[in-house]
Amino acid sequence: QFDAGELDCLWLDDVLNNIPIDKVDDSFRNLVRLVKRGGSVIVNGTDIFEVSKSLSSYSISIQDANKLLYDKGKCNCFSIAFVVETLKQYGLTVKTKRVNGYQYSVEATR
């Protein structure tokens, strides 16, 4: 349990993919409030668009796509664009955003 503004940095590595889609907005709001002004939020995950592009070009199999998107209890997937827009919606400034293969990484400051 952390108080609002207590954290210097919050690192979410494949965390969003394990939150039910109807709880993502509340989760983002609650997680961002934990970070102090000037602190950082780093969000990493699997980009659904990158997986979809590979699937539609037959670069990967349906089985591989499903493993990337839903393995290890993942219940939904997002794109880097969704994460960037959501962080901005909560007043964060996006510093970096990258896609490497199927994985995205976004760093923002509060």
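**A strand and its partners**

Guide: In this predicted model, threonine 93 stands opposite threonine 109 in strand β4.

Visitor: Which strand pairs with β4 over seven bridges there, and in what sense?
Guide: That is strand β3, residues 93-100, and the pairing with β4 is antiparallel, over seven bridges.

Visitor: How many residues lie between β3 and β4 in the hairpin?
Guide: Two residues lie between them. Glycine 101, in the turn, has a positive phi of about 70 degrees.

Visitor: And what about β2 and β4, in which sense do they pair?
Guide: Strand β2, residues 35-46, pairs with β4 in the antiparallel sense, again with seven bridges. Within that pairing, isoleucine 42 has glutamate 107 of β4 as its bridge partner.

Visitor: Why is β4 largely enclosed by the rest of the structure?
Guide: Strand β4 covers residues 103-109, and five of its seven residues are buried, so the remainder of the structure largely encloses the strand. Buried here means under 20% relative accessible area.

Visitor: Let us change topic to helix α1. Which of its residues are buried?
Guide: Helix α1 runs over residues 24-33, and its buried residues are Val24, Ser27, Phe28, Leu31 and Val32. They cover an arc of only 120 degrees around the axis, which places them on the same side of α1.

Visitor: Why would residues three or four places apart point the same way?
Guide: An α-helix has 3.6 residues a turn, so residues at that spacing point the same way.

Visitor: What do the buried residues of α1 pack against?
Guide: They pack against β1 (7-13), β2 and α4 (80-89).

Visitor: Now the whole chain. What pattern does the protein follow along the sequence?
Guide: The order is β-α-β-α-α-α-β-β, with four helices and four strands in the protein. The radius of gyration is 15 Å, close to the 13 Å that the globule rule gives for 110 residues, so the protein is as compact as a globular protein of that length.

Visitor: What are the spans along the principal axes?
Guide: The C-alpha trace spans about 45 × 25 × 20 Å.

Visitor: How much of the protein counts as buried?
Guide: Of the 110 residues, 40% count as buried. The accessible surface comes to about 6500 Å², and 51% of that belongs to carbon and sulfur atoms.

Visitor: Last one: among contacts between residues at least 6 apart in sequence, what share joins residues at least 24 apart?
Guide: The share is 71%.

How values were computed: Residues are numbered from 1 along each chain as its sequence is written. This is a predicted model: local features need pLDDT of at least 70, side-chain atom pairs count only at pLDDT 80 or more; totals for chains, interfaces and linings use all residues. Side-chain values use heavy atoms; hydrogens and water are left out. Buried means under 20% relative accessible area, exposed over 50%, partly exposed in between (1.4 Å probe, protein chains only). Two strands pair if DSSP finds at least two bridges between them. The arc is that of the directions from the helix axis to the C-beta atoms. Contact means heavy atoms within 4.5 Å. The radius of gyration is taken over C-alpha atoms; the globule rule is 2.2 Å times the number of residues to the power 0.38. Accessible areas come from the Shrake-Rupley method with a 1.4 Å probe; for residues, only the protein chains shown count as cover.
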